[in-house]
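Please look over the protein below before reading on. The report that comes after it is meant to be read alongside the sequence and the coordinates.

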Amino acid sequence: MASTRTETGPVTYPTAAGGTVASTVPVGAVYAEGSPLDWGASLVAGEIVLDETVAPNAPWSAVVRTGHVLTIVDVGGNQSADCLLYNADDPEERYSVPDTLAWQGNAYVRTGTVLRSNEGRPLMTVVANEVDRQDTIGGACGKESNTLRYGHHVMFQHGCRENFLAEAGRRGLGVRDIVSNLNWFMNVPVEADGALGIVDGMSAPGRRVAVRAETDVLVMVSNCPQMNNPCNDFNPTPLRMIVVDPAPAGVDARSSQAARTAKEGA
């Protein structure tokens, strides 16, 4: 799994107008060699029905069936996992930030938060969480927002919006289906005066969050490629996505970890 950054200094890129632009931010940046990685395991005991790795900067999606639990593992620590949720049988019903926050009367997503749809119905519930608070107001990065925030030298960089659009296309969805999202493991504190910003994360290698599907849910994730703010600790790392069918108490949820470790080290 060892990877290294391929570009360490200013790089010149061509522009559509025929000129060039220099940037110190590498395209397709991956985690530095020697980065600590913890692949973790499911936070909830049960039979594993899906276990996949999301590479740095890549999109991912899967349908999580009613009652199944998805654990997202922050393998390298402080890696933002931008996330959208849809009713798998009717994608017109999808995750709603205002409904979720209004129902719970709190700006943060924590253990017990019910992630509600634009129709006010529960889509998923946070059943376990190893980070104090999870963000759902910071939005997703994209080419346009990157350019606005950081300057024209980053306009060629794809972001989570581009990942969402690519993955949505594979699921028969499009631009109109990309709405405000969750940001697992990203730290966006809200100050007393209402100010907020993306700051250093509170996660660490192997930290996890687990969400239970209250109906069949299409989960879409962008393993955030952002390199201009500290949401990824400037070191994009993998995510691990584990879906389990909960089993009776006493079942060891780590039963597949030895095989998983051997696979990743191969």
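## Overall make-up

The model is a predicted one, and its secondary structure consists of four helices and twelve strands.

Among the contacts with a separation of 6 or more, 76% are made by residues 24 or more positions apart.

## Nonpolar cores

The largest nonpolar core comprises 32 residues, and the members that touch the most other members are W60, L70, L85, L115, M124, W184 and V219. Apart from this core lies another one, made up of nine residues, including W39, V69, V75 and A210.

Which residues is M124 in contact with, once its neighbours within four places in sequence are left aside? They are V64, L85, T113, V114, L115, V211, R212, A213, E214, V217 and V219, and among these partners L85, L115 and V219 are themselves listed with M124 as touching the most other members of the largest core.

## A buried loop residue

N235 is placed in the loop that runs between β11 (217-223) and β12 (239-246). Is this residue buried or exposed? N235 has a relative accessibility of 15%, and because buried means under 20%, N235 counts as buried.

A polar atom of the N235 side chain lies 2.8 Å from the backbone nitrogen of A32.

Key:
Residues numbered from 1 in each chain as written. Predicted model: local features only at pLDDT ≥ 70, side-chain atom pairs only at ≥ 80, totals over all residues. Heavy atoms only, no water. Helix = DSSP H or I, 4+ residues; strand = E, 2+ residues; numbered from the N terminus. Contact = heavy atoms within 4.5 Å. Buried < 20%, exposed > 50% of the residue type's maximum accessible area, 1.4 Å probe, protein only. Polar contact = N/O pair within 3.5 Å; in protein donor to acceptor, adjacent residues only side chain to side chain. Core = buried A, V, L, I, M, F, W, Y, C linked by side-chain atoms within 4.5 Å.
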